Amino acid sequence: IAFHSSRKPAGIYVMEATGENVRPVVLSCHHPSWSPDGKEIVCSTAGQSTPSTRNATPSALWIADVETGAKRVLCQSDAMQPAWSPSGARIAFWFMPPSAGRSDIATIPKGGGEIEIVTKDASTNWNPVWSPDGTCILFHRNRRNAIVDANKAWAEQTPQLLPAPGAVVDFVAWDWSPDGKKLIGTFPASEVVYFSF
């Protein structure tokens, strides 16, 4: 299990599923996401979970070797909450364009390079999560959650808004079931809700 800890020194730690053998991997980092082969972790230098304010200092993305702790900078744009794609080829994240007053979802190759912006509208978009087959990205969008095709340009699609269970629409954390047919999410009241397609 990879997690952020505020203990000293603060940063990303890993431990066995039983809670044993806790050790630091990369310091001064947040929001860890495993590579599909389990050998690396990508993380963001800022710990912001919601796009309420722009970072005073842009948040970089780092990739760290889990075994050695060796790290490299993936990008130095204002990137947060990275999510590694199931194929291992790309990493999704959200960022706040300068003077935009909102946030967008983007992806970058695991080796660095050109950033591809996924969402390009007036909405506030954050917290990207890949589907298990890597074809879609689920993200939070203006108090609703939406899914886009990861292989299509923004102009070629309309985000699929998820129906809200009851009156609850403000989910902020999601993950998929391994078969891609169900979602589990939490919202500010810390309740956990399942959503089935």
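Two strands are taken to pair if DSSP finds at least two bridges between them. Strands (E, at least two residues) and helices (H or I, at least four) are DSSP runs, numbered from the N terminus. The structure is a predicted model, in which local features need pLDDT of at least 70 and side-chain atom pairs count only at pLDDT 80 or more, whereas totals for chains, interfaces and linings use all residues. Residues are numbered from 1 along each chain as its sequence is written, and side-chain values use heavy atoms, with hydrogens and water left out.

The chain contains 18 strands and zero helices. Of its 197 residues, 46% are buried, that is, under 20% relative accessible area with a 1.4 Å probe, protein chains only.

An open sheet is formed by four strands in the order β8-β9-β10-β11, with antiparallel pairing. The edges are held by β8 (80-84) and β11 (116-117), each with a single partner strand, so one side of each has no neighbour in the sheet. Within the sheet, β9 (residues 90-95) pairs with β10 (residues 104-109) in the antiparallel sense over six bridges. Phe95 has Asp104 in β10 as its bridge partner.

Gln81 lies in strand β8. The residue is buried, with a relative accessible area of 11%. Its side chain makes a polar contact (a pair of N or O atoms within 3.5 Å, one able to donate a hydrogen and the other to accept it; residues adjacent in sequence count only if both atoms are side-chain atoms) with the side chain of Trp94, at 2.5 Å. The side chain of Gln81 also reaches the backbone nitrogen of Asn127 at 3.5 Å. Beyond four places in sequence, the residues that Gln81 touches (heavy atoms within 4.5 Å) include His31, Ser44, Phe93 and Trp126.

Technical notes: Buried means under 20% relative accessible area, exposed over 50%, partly exposed in between (1.4 Å probe, protein chains only).
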